Structure formats: structure tokens, C-alpha cells
Amino acid sequence: MKQQQGGPMQGGGFQWRLVVPTGGDTLRQERLTRDLYDTLRAADGLAVGFADEEASAESGHKCAGVGEVALWAATATAVARPASQVLITLVKEWCAKERHRKVEVSCGENSVKITGRPDAAQERMVHEFLDRATTGEGPGPEDGAA
């Protein structure tokens, strides 16, 4: 199944795009992304996969390690808000394991950067991001990282 870039999915639910930025260190990005994948796939109400699996297979690449490694996570319609909160909580907990970890989360036109050491302003931005993403409102003026 071909994955969208993020936002509401056909048939309902939400699809999120998750990128672990590492400043160009592809091996570290792949290792951390796989670790995040393992954390997220254990959660109920979430489906998780590698965003570039099909594109890499179609173009003849052996793995998704070429360029940026990203994940997609999808939530079901009936539990979109609770599952979205679970997703964000899991990402925050994963980032908190190391203070230098970051995850860029996007859903449709909305995005936010979650870090391992969030301050009150970032917590507010994450909360506002989640509200916008799950209600389908456009991006606000304060999108981004703290």
C-alpha cells in the first residue's frame, strides 16, 4: 500500500510522518529510526512502517537507507485522538531517553519538532500541533521547535 505524506487518510484515521534528524549522519539516522520503529510498532491502535520502502523497491534500491529515512504511523478512525496522543507520548518518551534525540512529526500541513529536553513552550506547541492535526485545522504561526 502506497503511503501518503501525512494527514487524514482515505477512509478516515490519520497518517503521520516521522523523521529523526541527525545532521546528515545516515547510519545514526537509520539506527535511531529503527529503534523508534520498534518502540511504536508495539503500541495498540497504531500501524507503523518505513515511508520509503515501496519507493526504494520500485526504483531498484536495496534498502531505504538512501537519503532520508522516515517512518509513517497511522491511527484508526474510531480512536484517532486517543491513538494520536499515544503516538505523541511514545515519541516524547523515546526522545527523553537521550537529550539530543529529536523527531520531526508532521500530519498534513502541520508539523512540530519533539526533543529529548522539552521546555514549557515546546510542550505547548506539541499540544497545539496535536489539536490542529486531529481537527484538520491549518498550521498556526508558532509551528516548529522551541
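1. Arginine 34 is partly exposed, with a relative accessible area of 38%; here buried means under 20% relative accessible area, exposed over 50%, and partly exposed in between, with a 1.4 Å probe and protein chains only. Arginine 34 forms a salt bridge with glutamate 30, their closest N and O atoms lying 3.3 Å apart. A salt bridge is taken as a side-chain nitrogen of Lys or Arg within 4 Å of a carboxyl oxygen of Asp or Glu. Because glutamate 30 and arginine 34 are four residues apart in helix H1, about one helical turn separates them.

2. On the basis of these values, the model is a predicted one, in which local features need pLDDT of at least 70 and side-chain atom pairs count only at pLDDT 80 or more, while totals for chains, interfaces and linings use all residues. Residues are numbered from 1 along each chain as its sequence is written, and side-chain values use heavy atoms, with hydrogens and water left out.

3. Helix H1 covers residues 26-41, and its 16 residues should span 22 Å at 1.5 Å a residue; the end C-alpha atoms are 22 Å apart, which agrees. The expected span is 1.5 Å times one less than the number of residues. Helices (H or I, at least four residues) and strands (E, at least two) are DSSP runs, numbered from the N terminus.

4. The buried residues of H1 are Gln29, Leu32, Thr33, Leu36, Tyr37 and Leu40. They lie on the same side of H1, because they cover an arc of only 150° around the axis, the arc being that of the directions from the helix axis to the C-beta atoms.

5. The largest nonpolar core has 32 residues, and those with the most contacts inside it include Trp16, Leu40 and Val103. Such a core is a set of buried Ala, Val, Leu, Ile, Met, Phe, Trp, Tyr and Cys residues joined through side-chain atoms within 4.5 Å. Among the elements that each supply at least two residues of this core are H1, strand S2 (14-19) and helix H4 (120-135). H3 gives the most, with seven residues.

6. The structure holds eight salt bridges. One of them joins aspartate 35 to arginine 101, at 3.7 Å between the closest N and O atoms. This pair links distant parts of the chain, 66 residues apart: aspartate 35 is in helix H1 and arginine 101 in the loop between H3 and S5. Aspartate 35 is partly exposed at 29% relative accessible area, whereas arginine 101 is buried at 8%.
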